[in-house]
Amino acid sequence: MRIVEVKAVKDENPNVRTLFFADDLCSSAKAGQFVMVWIPGVDEIPLTLSSIGSQSMDGFSSVTVAEVGEATRALKSMETGELIGVRGPFGNHFETISRSGRALVVGGGIGMASLMPLIDRLTMEGVETTVLLGVKSRRDLLFTERLSELSSRGGINLLVTTEDGTYGAKGLVTELAENVISSERFEIIYSCGPEAMMHKIFKIAEEHRIPAQLSLERIIRCAIGICGSCVLGPYRVCKDGPIFTSDQLRTVRDFGKFKRGFDGRKTPI
Ligand SMILES: Cc1cc2nc3c(=O)[nH]c(=O)nc-3n(C[C@H](O)[C@H](O)[C@H](O)COP(=O)(O)OP(=O)(O)OC[C@H]3O[C@@H](n4cnc5c(N)ncnc54)[C@H](O)[C@@H]3O)c2cc1C
Ligand code: FES
């Protein structure tokens, strides 16, 4: 584990904060990989890298945290100059496609964190990319400046849905995805968000015979494939994932249905 200083923070919305830091190993991470972040005196939790130093202007990597419990609350209240521990990067990564193909990226809420370095990479490689972002309400929008900048430069086609209709189209991002996929051709679909949402995206992708790469979450403790707390069918999310392909997910019966809690018992999703 390396101890790193928080170099800057950015509030994405009232519940989500991005923390920037300098770290050589994270700088050479691949899009979709995660790190274990130690919050001194509190806990160590898995978080995806929301930017990768080698791809960002200032050379900083970042994690973006949504407050859900004790550890995320402590991390979200951290300020510039405070120290955190970082292990990793761990896991596999999103595979990009050739620039002749078209990519659809579907993010739900904080799931967008995992997709941001992928979007950076796709635009750098000149892949025509449509990004669908779904949040509950206007106040939950995140990565607004980064996405608007990419959109205004023509790097991506950005479409937003809110469940209450306060921004963009009213409804679920899965409904928008269904419409977009029915009217345009994509070579690949990438997604990260609540598992119920990704399960729906997976089904739409299967109906249209489009390969998908989805980033899944399970309880992660060791992050190196030893403890077994992250099992998903025959896979360990920390080592074999967190990115899974349609070919893999077709055979995983728990996908979209059950996950295991800290005691190892299955609970419905
Ligand atoms: C690969 C991966 C990447 C993630 N990336 C992000 C991210 O970029 N941003 C973000 O905000 N969140 C991310 N998460 C979720 C984040 O790890 C949890 O929200 C966090 O661990 C909750 O801790 P807590 O103490 O605040 O809440 P708790 O009250 O301890 O837990 C709240 C819920 O969070 C989940 N959770 C708790 N501990 C873990 C754990 N060790 N591993 C996985 N899930 C856990 C459980 O579903 C639990 O019910 C990611 C999870 C995984 C597995
Ligand atoms: S977190 Fe220990 S095996 Fe995956």
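In the predicted model, the C-alpha centres of domain 1 and domain 2 lie 20 Å apart. The domain assignment places domain 1 at residues 2-90 and domain 2 at residues 102-268; such bounds come from an automatic or database domain assignment. Because the model is predicted, local features need pLDDT of at least 70 and side-chain atom pairs count only at pLDDT 80 or more, while totals for chains, interfaces and linings use all residues. Residues are numbered from 1 along each chain as its sequence is written, and chains are lettered from A and ligands numbered from 1 in the order in which they are written.

Between the domains, 20 residues of domain 1 are in contact with 19 residues of domain 2, contact being defined as C-beta atoms, placed from the backbone, within 7 Å. On the side of domain 1 that touches domain 2, two or more residues come from each of S2, strand S4 (34-39), S5, S6 and strand S7 (83-90). S5 gives the most to this side, with five residues. By class, the side of domain 1 that touches domain 2 has 10 nonpolar, eight polar and two charged residues. In this classification Ala, Val, Leu, Ile, Met, Phe, Trp, Tyr, Cys and Pro count as nonpolar, Asp, Glu, Lys and Arg as charged, and the others, Gly among them, as polar.

One open sheet consists of seven strands in the order S1-S7-S4-S5-S6-S3-S2, with antiparallel pairing. Its edge strands, S1 (2-5) and S2 (8-13), each pair on one side only. Neighbouring strands of this sheet are turned by 40 degrees against each other on average, direction ignored. Strands (E, at least two residues) and helices (H or I, at least four) are DSSP runs numbered from the N terminus, and two strands pair if DSSP finds at least two bridges between them. S5 (residues 43-51) and S6 (residues 61-66) run antiparallel and are joined by two bridges; leucine 49 has valine 63 in S6 as its bridge partner. Helix H3 (residues 112-124) lies across S5 and S6 and runs at about 35 degrees to S5. Axes are lines fitted to C-alpha atoms, for helices over the stretch in contact, and angles run from 0 to 180 degrees between N-to-C directions.

Ligand 1 is surrounded by 22 residues, the closest being Ile45, Thr48, Gly69, Ala71 and Thr72; a residue is near a molecule if its C-beta atom, placed from the backbone, lies within 6 Å of it. At least two residues of this shell come from each of S5, S6 and helix H2 (70-76), and S5 gives the most, with five residues. The shell has 13 nonpolar, four polar and five charged residues. Domain 1 and domain 2 each supply at least three residues to the shell.

A further open sheet has seven strands in the order S11-S10-S9-S8-S12-S13-S16, and its pairing is mixed. S11 (169-170) and S16 (243-245) are the edge strands, each pairing on one side only. Strand S9 (residues 128-135) pairs with strand S10 (residues 156-162) in the parallel sense over seven bridges, and leucine 133 stands opposite valine 160 in S10. Helix H6 (residues 195-207) lies across S8 (102-108), S12 (188-192) and S13 (212-215), at about 175 degrees to S13.

Glutamine 248 is found in helix H7 (residues 246-249). The C-alpha atoms of glutamine 248 and glutamine 213 are separated by 9.6 Å, the two residues being 35 residues apart along the chain.

Note on methods. Contact = placed C-beta atoms within 7 Å.
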